[in-house]
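Please read this note with the model open beside you.

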Amino acid sequence: MDNRQAIGSWISGPRAAAEDMGVEFGYRGQQLGLPETGPGSIARPGRRFAALFLDWALCMLIAYGLLSGGKAQSASNWALLVFAVLSVLTVGTVGFTPGKRLLGLRVVAEGGGRISLPRVVLRTVLLVVVIPAVVWDRDGRGLHDRLSRAVQVRI
């Protein structure tokens with residue numbers, strides 16, 4: 001076998017090469033005991049990004065209108081603080097942010113149920129740092145969700 005086939009192309013990655021060789025990974029969320037589709041299944045990246053965009057836009061509006069004194073340069077710094085507070089309060093109490101609710105998503109603990117407040121704080125801090133949020137596992141969960149033992153599911 002050619003080494004390039006074993007490694008995979010830079011576009012498809014090693015997972016696609018392994019699948020071509022017959023390795024079965026299962027569907028996203030199977031290891032967590034979640035359904036493949038429908039309510040309770042792992043949220044797809046497109047919905048999660050859209051929810052994040054909606055939440056960030058809301059936080060920018062709040063920061064610009066109430067906290068930055070009309071200065072656009074300082075609004076983004078305030079928006080990060082507003083985003084952190086919004087995330088801790090809403091995910092910690094009802095399990096979703098306004099953007100997640102609009103798109104039918106919820107943050108739950110790995111075993112189901114609500115995520116505890118210390119884990120919500122850890123998740124939010126890692127999300128604000130950004131880097132852990134862009135490192136994903138094969139279930140499509142960001143490192144911030146994995147370390148806080150949380151999962152974003154469809155409602």
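The points below run from the whole chain to single residues.

1. Basis. This is a predicted model: local features need pLDDT of at least 70, side-chain atom pairs count only at pLDDT 80 or more, and totals for chains, interfaces and linings use all residues. Residues are numbered from 1 along each chain as its sequence is written, and side-chain values use heavy atoms, with hydrogens and water left out.

2. Overall make-up. The protein chain has 8 helices and 2 strands. Both are DSSP runs numbered from the N terminus: helices are H or I of at least four residues, strands E of at least two. The order along the sequence is α-α-α-α-α-β-α-α-α-β. The C-alpha trace spans about 65 × 35 × 25 Å along its principal axes.

3. Of the 155 residues, 36% are buried (under 20% relative accessible area; exposed is over 50%, partly exposed in between; 1.4 Å probe, protein chains only). The accessible surface is about 9,200 Å², and 64% of that surface belongs to carbon and sulfur atoms. Areas come from the Shrake-Rupley method with a 1.4 Å probe; for residues, only the protein chains shown count as cover. Among contacts (heavy atoms within 4.5 Å) with a separation of 6 or more, 57% join residues 24 or more positions apart.

4. Annotated segments. The unreviewed UniProt entry carries the annotation "transmembrane region" for residues 49-67, 79-99 and 120-136. Such annotations may be inferred rather than shown by experiment; feature names are shortened, and positions use the numbering here. Residues 49-67 are 100% helix and 0% strand, with end C-alpha atoms 25 Å apart. Residues 79-99 are 81% helix and 0% strand, with end C-alpha atoms 15 Å apart.

5. Core. Which residues make up the largest nonpolar core? They are Cys59, Ala63, Ala79, Val82, Phe83, Leu86, Leu127 and Ala133. Helix 4 gives the largest share, 4 residues. A nonpolar core is a set of buried Ala, Val, Leu, Ile, Met, Phe, Trp, Tyr and Cys residues joined through side-chain atoms within 4.5 Å. Leaving out residues up to four places away in sequence, Ala79 touches Trp56, Cys59, Met60 and Ala63.

6. Surface patch. A nonpolar patch on the surface has about 920 Å² of accessible area together; its members include Leu117, Val125, Ile131 and Leu143. Patch residues have over 30% relative accessible area and no salt bridge; nonpolar side chains (Val, Leu, Ile, Met, Phe, Trp, Tyr) are joined within 5 Å, like charges within 9 Å. A salt bridge is a side-chain nitrogen of Lys or Arg within 4 Å of a carboxyl oxygen of Asp or Glu. Helix 6 (117-129), helix 7 (131-134) and helix 8 (143-147) each supply at least two residues. Helix 6 gives the largest share, 5 residues. Leu143 lies in helix 8 and is partly exposed, at 31% relative accessible area.
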